[in-house]
Number of protein chains: 2
Amino acid sequence: MRSMFTQPIPTLRRDGDGIVILDQTLLPHRVETRRLETLEDVAHAIRGMQVRGAPLIGATAAYGVAIALLQDSRHPRLTHALEVLAATRPTAVNLNWALGRMAARLLPIAASARIEAAWDEAEQIRAGDAATCADIGRHGLALIEEIARRRNGRVRVMTHCNAGWLATLGEGTALAPVYAAHARGIPVHVWVSETRPRNQGLLTAWELREAGVPHTLIADNAAGIVMARGEVDIVITGADRVAANGDTANKVGTYLKALAAREHGVPFYIAAPRSTIDFGCPDAAGIPIEDRGDEEVCTAQGLAEDDGVRTLRLAPKGTSTANPAFDVTPARCITGIITERGICGPARLRDLFPTPAR
Amino acid sequence: MRSMFTQPIPTLRRDGDGIVILDQTLLPHRVETRRLETLEDVAHAIRGMQVRGAPLIGATAAYGVAIALLQDSRHPRLTHALEVLAATRPTAVNLNWALGRMAARLLPIAASARIEAAWDEAEQIRAGDAATCADIGRHGLALIEEIARRRNGRVRVMTHCNAGWLATLGEGTALAPVYAAHARGIPVHVWVSETRPRNQGLLTAWELREAGVPHTLIADNAAGIVMARGEVDIVITGADRVAANGDTANKVGTYLKALAAREHGVPFYIAAPRSTIDFGCPDAAGIPIEDRGDEEVCTAQGLAEDDGVRTLRLAPKGTSTANPAFDVTPARCITGIITERGICGPARLRDLFPTPAR
C-alpha cells in the first residue's frame with residue numbers, strides 16, 4: 001500500500017558516470033541542478049549543503065564512492081573515498097551508515113567488480129530510502145488521522161528545518177505523513193519555522209507550496225507563542241542521529257520546540273528511518289555536534305531587487321559567533337519515533353529493530 | 001551611588017522645537033539620526049521601529065505630545081495626539097504610562113501653559129528613565145557579583161533582543177547589570193541571540209562591541225543547546241509589559257529561552273522599570289500581543305558588498321506568515337524581576353510598588 005509519490009525534481013539521479021543533484025543552496029530562489037563528476041565534487045556538495053538532509057547525505061555519499069572508483073577501483077582509492085566522504089559532515093549518521101554499506105559490499109570483492117557493484121549498491125540505497133519514506137508516511141498518517149477524528153477542523157502540524165522530499169530520495173520523513181494526509185483529503189496545515197541560520201524552513205515552505213499544502217511561515221522565535229495559543233496539534237521533525245536510548249540530534253532549534261511542546265501537551269514526534277538510528281551510540285553524549293562557521297550566522301542569503309541571489313552581511317566581519325548546526329532533544333521530550341517499521345516510544349527502538357540491520 | 005553612564009549617542013534628545021533620534025532601523029550598519037518635527041514624524045518613528053525598546057518608546061511618545069502641541073495646544077489637539085501616539089504600538093505599556101503622565105499633567109491646565117509643561121514632563125520622563133536604568137543596573141549587579149563569587153571564571157549572561165542603552169534613555173534594563181559588572185572589572189560574557197525577524201540582537205552585539213564587553217552572537221535556535229551545555233549562568237531580558245502577577249510579555253522568543261532556562265536550572269530574570277509594570281492587567285490574558293506584517297518574516301536587511309543597506313527577499317511575496325512580535329513568559333518560569341526598587345519574585349511586585357505610581 002505504498003503511495004505513488006514521485007519527487008517533482010529528483011534530489012539526486014545517476015547520469016552516466018556522474019550524478020545530477022538539485023542545488024539546494026539556491027532554493028527557493030533558483031531551481032538549478034549540478035552535475036557531480038569527481039569525489040571532490042561530491043564531498044564539496046555535501047560539505048557546502050548543496051545536498052542536505054540526513055537520508056540524502058547518505059545516498060549522495062554512496063554515489064560518491066562509485067564516482068571515486070571510476071578513476072581507480074583499487075583498495076587505496078576505495079578507502080580514501082570512504083574517508084573523505086565520512087569526514088564531510090559529522091552529525092548525520094546516515095552518512096556512516098551508507099558508507100558502511102558500501103564498504104561491506106565493496107571491500108571483499110575484486111577491484112574489477114567494484115565499479116558496477118558500487119553503482120548497484122548506491123541505487124539500492126536510493127530505492128530503499130524512497131520505500132522507507134513511503135512507509136514512514138503510512139505510519140505517520142495514522143497519527144494525523146487520529147487527530148483529524150478528534151478535531152473539528154484541519155490538523156495543525158509544526159515541523160522544523162526541512163525533512164521533506166528535498167531531504168530524501170522519496171517523499172521525506174517528517175513531511176511524509178503530511179503528504180499522505182493531504183493526498184487522502186485530510187485537511188492539514190503546517191507551521192514552518194524559518195530555521196536560521198541556513199533557512200531550510202524556506203525549502204519546506206517551497207515544497208509545501210508546490211504541493212498545495214496550506215502552511216504558515218514563522219520566525220523560529222514564534223514557535224513558543226504559537227503552541228501556547230493552542231494552535232499546534234502535533235510536532236513532527238526529522239533527525240540526523242537517534243541514539244539507542246532515543247535521544248535525538250536534529251537541526252538546531254528542535255530542542256526548543258520539544259520543550260515548548262511538552263509544556264503545552266503537544267505530542268512531539270521524530271520521523272526517522274533505521275539508517276538514522278545509531279545503536280552504537282547509547283545516548284546523546286556520543287553524538288558529535290557539528291559546529292559550522294561564523295559566516296552563516298553573520299549573513300543572510302536571498303533575492304535582491306534585480307532577482308539575483310545575494311548574500312547580505314548582518315553582523316560585521318570578526319563578530320564572534322557560535323554556530324552549532326544541531327541540538328539534542330532528550331528522549332524524555334519525545335512522544336514517539338516514526339520509522340518505516342512503525343511508531344514506538346523512544347525507549348523501544350530495539351523492539352522495532354531487534355537485529356543489526358544492513 | 002549611581003554609575004556615570006552616558007549614552008555614546010543619545011537615543012533621543014530635544015532639539016529646539018523637535019527631537020533628534022538615533023535611527024535604529026539602520027543600525028548596526030549605519031549610525032544616522034533623524035529629526036522629528038511633527039506628530040506624524042513621531043508616530044511613524046515609533047510604528048516603524050526607528051525608536052524601539054519599551055522605555056524609549058514611552059519617552060518618545062511623551063516628546064511627541066509636546067511636538068503636537070506646538071501646532072495647536074487646545075484640547076482637541078491634545079487628545080488627538082494622545083490617541084494617535086497610543087495607537088502606534090500595542091504591547092509596550094510604557095507607551096500608555098508615558099501618555100498617561102502627559103495627560104495627567106496637561107489636561108487640567110490652561111492651553112497656554114501646556115507647551116512648556118509638555119516639554120518639562122517629557123524631560124522628566126527622560127531623566128527619570130536614565131536614573132531608573134542606573135538603579136536597575138545597581139540591583140542586577142548584585143546578582144552577577146554573587147555568581148562571580150561562586151564561579152571561577154567569567155559570568156555568562158544570556159539575553160534576548162536588545163534591552164541595552166539603545167532601548168532606553170539610560171544604560172539599559174537587561175544590560176544595565178552587565179555594564180555595571182563590566183565597569184567594576186567583573187569578567188562578563190554575553191550570549192546574544194540574533195532575534196529574528198528584526199535582528200535586534202545585532203543592536204545588542206553592536207552596543208557590547210562598542211563597550212568592550214565580550215559576547216558571542218548565536219542564531220535564536222541555538223539558545224537551547226548553549227544552555228544544555230552548561231554555558232549560561234543567568235538569563236536577563238527586558239520586558240514590554242509585566243502583568244500584576246508577573247507574567248511578562250517581551251520580544252518573541254523570550255518564552256523559549258525561559259523554558260530552556262528552567263529545564264537547565266538557569267536563573268531567569270526580567271529587568272524592567274515600574275513604567276513597564278501594568279498593575280491594571282491581572283495576568284497575561286490581558287496583554288495585547290502585536291502582530292506585525294509578513295514582510296518582516298519574508299525579508300532580511302543587511303549590508304551589501306557595495307556597503308549599501310539593502311533588503312533581500314527570503315520568501316516569495318504572498319507567503320503566508322504569522323508574525324507575533326512578542327510572547328508571554330508566565331510568572332512560573334521567572335526567577336525574579338529586577339526593578340529600580342530592587343529585585344523580587346514575580347508574585348511580589350506589589351511589595352515593591354505598594355501604591356499607584358505616577
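**Exercise 1. Find how many aromatic pairs the whole structure holds over all chains, then describe the one formed by A:Trp165 and A:Trp206.**

Solution. Start with the rule: rings of Phe, Tyr and Trp (its six-membered ring) pair if their centres lie within 6.5 Å. Planes under 30 degrees apart count as stacked, over 60 as edge-to-face, and the rest as tilted. The search over all chains gives six pairs. In one of them, A:Trp165 and A:Trp206 lie 6.0 Å apart, centre to centre, with 45° between the planes. That pair is tilted.

Helices (H or I, at least four residues) and strands (E, at least two) are DSSP runs, numbered from the N terminus. A:Trp165 is in the loop between β4 (155–158) and α6 (176–183) of chain A, and A:Trp206 is in helix α7 (residues 201–211) of chain A. They are 41 residues apart, so the pair links distant parts of the chain.

This is a predicted model: local features need pLDDT of at least 70, side-chain atom pairs count only at pLDDT 80 or more, and totals for chains, interfaces and linings use all residues. Residues are numbered from 1 along each chain as written, chains are lettered from A in written order, and side-chain values use heavy atoms, without hydrogens or water.

**Exercise 2. Decide whether A:Trp165 and A:Trp206 are buried or exposed, then examine helix α7(A).**

Solution. Buried means under 20% relative accessible area, exposed over 50%, partly exposed in between (1.4 Å probe, protein chains only). A:Trp165 has 2%, so it is buried. A:Trp206 has 11%, so it is buried too.

Now take the helix. Eight of the 11 residues of α7(A) are buried, so the rest of the structure largely encloses it. Among them are A:Gly201, A:Leu203 and A:Glu207. The cover, counted by contact (heavy atoms within 4.5 Å), includes α6, β5 (188–193) and β6 (215–218) of chain A. Just after the helix, A:Gly212 takes a positive phi of about 75°.

**Exercise 3. Describe the interface between chain B and chain A.**

Solution. Count residues: 58 from chain B and 58 from chain A take part. Then take the buried area, the accessible area (1.4 Å probe) that two parts lose on being put together, summed over both. It is about 4400 Å², and carbon and sulfur atoms give 60% of it. In chain B, B:Asn221, B:Leu256 and B:Leu312 lose the most area to chain A, together 17% of what that side buries.

Last, count salt bridges (a side-chain nitrogen of Lys or Arg within 4 Å of a carboxyl oxygen of Asp or Glu). B:Glu263 forms a salt bridge with A:Arg262, with the closest N and O atoms 2.4 Å apart.
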